[in-house]
Amino acid sequence: MKVIENVLSDRGSKYAVAGGPVGSADEAKAFVKSLCRRKKFAKATHNTWAVLLPDGPLKNDDGESGAGMVILRMLEREGLEGHIIVVTRWFGGTKLGGDRFRRVQDAVRVYLDGVSGG
């Protein structure tokens, strides 16, 4: 499991991104559960995630409507299968509107750049 804490912040909201290999829906859920064993992540406002699996894509918005799809689309563009990405947000008191999707994209990009070494 790779975790990048404090990956970015916007108007008080703080973001982290995590990811790792998973091969099934059960493994994806176990990954998120494992991440949330860390008290900081368990207390987060949202832990949104997505993964491309052989039997189809999976995503979870965790209350951040549409964020799972943003992650999923980026995974599809990268062709990255069997690898979950979780974007965690701690709400800072100011609604971000459409910018919240850009922050999710930014967090995923940092993660993907770190994984591919570029």
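Two residues are in contact when they have heavy atoms within 4.5 Å. Residues 24 or more positions apart account for 65% of the contacts in the protein with a separation of 6 or more. This is a predicted model, in which local features need pLDDT of at least 70 and side-chain atom pairs count only at pLDDT 80 or more, while totals for chains, interfaces and linings use all residues. Residues are numbered from 1 along each chain as its sequence is written, and side-chain values use heavy atoms, with hydrogens and water left out.

**Overall form**

- The protein has four helices and five strands, taken as DSSP runs numbered from the N terminus (helices: H or I, at least four residues; strands: E, at least two).
- Along the sequence, these elements follow the pattern β-β-α-α-β-β-α-β-α.
- The C-alpha trace spans about 40 × 30 × 25 Å along its principal axes.
- Buried residues, meaning those under 20% relative accessible area (1.4 Å probe, protein chains only), make up 41% of the 118 residues.

**Nonpolar cores**

- A nonpolar core is a set of buried Ala, Val, Leu, Ile, Met, Phe, Trp, Tyr and Cys residues joined through side-chain atoms within 4.5 Å.
- The largest such core holds 20 residues, of which Val17, Ile71, Ile85, Val87, Val104 and Val108 touch the most other members.
- Two or more of its residues come from each of strands S1 (2-10), S2 (13-21), S3 (46-53) and S5 (83-90), and from helices H3 (67-78) and H4 (99-116).
- Helix H3 gives the most to this core, with six residues.
- Val104 touches Ala67, Val70, Ile71 and Val87, residues up to four places away in sequence not being counted.
- A second, separate core has 15 residues, including Ala28, Val32, Leu53 and Trp90.

**Helix H3**

- The buried residues of H3 are Ala67, Gly68, Val70, Ile71, Leu72, Met74 and Leu75.
- Just after H3, Gly79 takes a positive phi of about 70°.

- Asn47 is found in strand S3 and is buried, with a relative accessible area of 7%.
- The side chain of Asn47 reaches the backbone oxygen of Phe41 at 3.1 Å.
- Leaving aside neighbours within four places in sequence, Asn47 is in contact with Leu35, Cys36, Phe41, Asn60, Asp62, Val86, Val87 and Thr88.

Terms used. Buried < 20%, exposed > 50% of the residue type's maximum accessible area, 1.4 Å probe, protein only. Polar contact = N/O pair within 3.5 Å; in protein donor to acceptor, adjacent residues only side chain to side chain.
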